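Work through the exercises below with the model open beside you. Try each task before you read its solution.

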Amino acid sequence: MAEEEGAVIELRQRKKPKSSENKESAKEEKINDTPIPERAPKYVLFQRFAKIFIGCLAAVTSGMMYALYLSAYHERKFWFSNRQELEREITFQGDSAIYYSYYKDMLKAPSFERGVYELTHNNKTVSLKTINAVQQMSLYPELIASVLYQATGSNEIIEPVYFYIGIVFGLQGIYVTALFVTSWLMSGTWLAGMLTVAWFIINRVDTTRIEYSIPLRENWALPYFACQVAALTGYLKSNLNTYGERFCYLLMSASTYTFMMMWEYSHYLLFLQAISLFLLDSFSLEQSDKVHEVYKIYIFSLFLGYLLQFENSALLVSPLLSLVVALMLAKCLQVKKGTFIAKIMKVINFYLVCTLTVTLNIIMKMFVPHKEHGHMLKFLEVKFGLNMTKNFTMNWLLCQESLQAPSRAFFLRLTQSSVLPFYTLVLIICFFSMLQVIFRRINGKSLKETVTLEDGRIGERPEIIYHVIHTILLGSLAMVIEGLKYLWTPYVCMLAAFGVCSPELWMTLFKWLRLRTVHPVLLALILSMAVPTIIGLSLWKEFFPRLMTELTELQEFYDPDTVELMTWIKRQAPVAAVFAGSPQLMGAIKLCTGWMVTSLPLYNDDDLLKRNENIYQIYSKRSAEDIYKILTSYKTNYLIVEDAICNEVGTTRGCRVKDLLDIANGHVVCEEGDKLTYSKYGRFCHEQSLHFKDLYHLQQNAIFFNLCGIFGNQSMDI
């Protein structure tokens, strides 16, 4: 009976195919219908298990090796283990010093509850100002690190600083592992993951800022975002089973919320991701149900974050919430697919979502009390040439290298490592394949449920299209502001590695070229193995010796002047003293001494930005009386003037602090028609430095300049 049924099936298969492709598929079905030995499924299962096991082992090993590499490089760069505690703390620069100082405060607190209370009602950091440091500076990483340090009993095994940077390096290992897995899921081979890691490490100057500033919020947050992207990639795959789908959903939920808690700007990055998913859903490239499940994760994370971040109103007025709510409302107007009305409703739906998003965001900002970051909007206006300003803060931000357009050196580095050319090739093929799918849908042609290698339609895979749209959005931002390259470049490495290792991508290219001389499937399989192997060998030959040299070469970080300054403050300055100076130096003073300062190197608060501008007036052409009034308004006892700023000559003219102050104060002509205001006073830092040239004695309630070499050795009484 079974043989008769098999014969009927075989007969039907012979009648159905009319083309060579159908014949091949019929033969495959015939082969699949033939009796299989009992132990064949076990062999296939073992083969799959071995493939997954080796891939997971390679992913975890890559992450661990990268974390160990960062630790070894950090030790060689700063001689960290041979330094005293004060010298180690000086290596934390700018805002990194502020973050680590609060980690120290938590460890010094008598209890966790008391430590959190002191941070949320902090009046010992900035003079005349009480701040909720946990909310304003997103100090959840420091809270978690302090709890783990004390709960695990690590205080008896390892020093606090090593535990802190060890967690960050470990997260970077998770970051690399997540990129590995994402590329593996997209290409089907863990060889793509290995190539992703290689490109990431080689281009680490452009993929991460971990070498320059360890405690940055992005170094804590982006690993979770990479995990979320990996889970989303798996979740969007069409051939995912139920258990895999549930696992990806849970991982995506946990990583989305954690990412949102770690970084105050996380909701903007998730907003770009939501736009990518919206476009994916609009093109009907994936079931709407999956995409809308992701929207629910966004809403849950936003409201849970709002409650646990001290009712952070920034999350309620974020564009992410407005977009997601608009998408959920627009779903109610969707019409059954396949009709002419449905196509018209798609266009209306797109317009409706855009309109609702803007409208809801405006309404939320009208009714929800929130702190408007006006300087961000003004900066964007000036950045894109929509406005002109003489404001010191705006011009100072525009002069920062990280906020300018990418330099040629950036593109040259990516080209030399070969990642940019291959990324461009992969992006072009995937993008045009995506366009083919869109036009096919517009013409009413249905998509295949399962895309095979012979089809050569990589643009029909929803996870690929999501990554194409997402990388285009991130790349567009990176082309405007260089600091955003750290969001884009890791996914450049991942997408390029996926493409060169994917037979489907090569098959798509061969379909367009109508290759006849060689069997396209065979050639695609060969290239998907040969090209990454050649790339890997060339990278090994050229860059591996450089990486080894970095680990063997001892670098010197020695700053005795700063050490002497911090030592003097701790020994001589009164406990209630308030220090004023450049924001970067104030961060170091807060960390190394614990004394109160007038400003901080943070640029998300309008009041702190105004304080920075006022303190910087010590480098302007204003009278001593004006400077005295500014300093006393912040209860300043000590002022530190840096020669590096006062006599600055290295940076581009017009971007030096003193030049920007002269423009803001009207002491130079900025535009045609502006009046030139002559100041009868010399530059304050120059005048006082000359006047107190021979003084070295430091007195209580004194202003001192250029202390200990780079900070000066003069003083004056207020």
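**Exercise 1.** Is Y265 buried, partly exposed or exposed?

*Solution.* This is a predicted model.
Step 1: take the relative accessibility of Y265, which is 28%.
Step 2: recall the cut-offs, where buried means under 20% and exposed means over 50%.
Step 3: Y265 therefore counts as partly exposed.

**Exercise 2.** What kind of aromatic pair do F410 and W488 form, and which parts does the pair tie together?

*Solution.* Step 1: the ring centres of F410 and W488 lie 6.4 Å apart, with 55 degrees between the planes.
Step 1: stacked needs under 30 degrees and edge-to-face needs over 60, with the rest tilted. The F410 and W488 pair is tilted.
Step 2: find the helices. F410 lies in helix α21 (residues 408-416), and W488 lies in helix α24 (residues 485-500). The pair therefore ties together parts that are 78 residues apart in sequence.
Step 3: check burial. F410 is buried at 0% relative accessibility, and W488 is buried at 5%.
Step 4: The whole structure has 30 aromatic pairs.

**Exercise 3.** Which residues line the second largest cavity, and which element gives the most to the lining?

*Solution.* Step 1: there are 6 cavities of 30 Å³ or more. The second largest cavity holds about 70 Å³ of space.
Step 1: its lining is made by F392, T393, W396, P583, Y603, L609, N612 and Y616.
Step 2: α20 (392-399) and α29 (606-615) are the elements that give two or more residues to this lining. α20 gives the most, with 3 residues.
Step 3: sort the lining by class. It has 6 nonpolar, 2 polar and no charged residues.

**Exercise 4.** Over which rings do the charged ends of R204 and R217 sit?

*Solution.* Step 1: the charged end of R204 sits over the ring of Y73, 5.5 Å from the ring centre.
Step 1: for R217, the ring is that of Y99, with 3.8 Å to its centre.

Technical notes:
Residues are numbered from 1 along each chain as its sequence is written. This is a predicted model: local features need pLDDT of at least 70, side-chain atom pairs count only at pLDDT 80 or more; totals for chains, interfaces and linings use all residues. Side-chain values use heavy atoms; hydrogens and water are left out. On a 1 Å grid over the protein atoms alone, a cavity is a set of points where a 1.4 Å probe fits but cannot get out, and a pocket is an open set with protein on both sides within 12 Å along at least five of seven lines; lining residues have an atom within 4 Å of a point. Grid points are joined across faces, edges and corners, and a volume is the space filled by probe spheres set on the points. Helices (H or I, at least four residues) and strands (E, at least two) are DSSP runs, numbered from the N terminus. Ala, Val, Leu, Ile, Met, Phe, Trp, Tyr, Cys and Pro count as nonpolar, Asp, Glu, Lys and Arg as charged, and the others, Gly among them, as polar. Rings of Phe, Tyr and Trp (its six-membered ring) pair if their centres lie within 6.5 Å; planes under 30 degrees apart count as stacked, over 60 as edge-to-face and the rest as tilted. Buried means under 20% relative accessible area, exposed over 50%, partly exposed in between (1.4 Å probe, protein chains only). A charge sits over a ring if NZ of Lys or CZ of Arg is within 6 Å of the ring centre and within 35 degrees of the ring normal.
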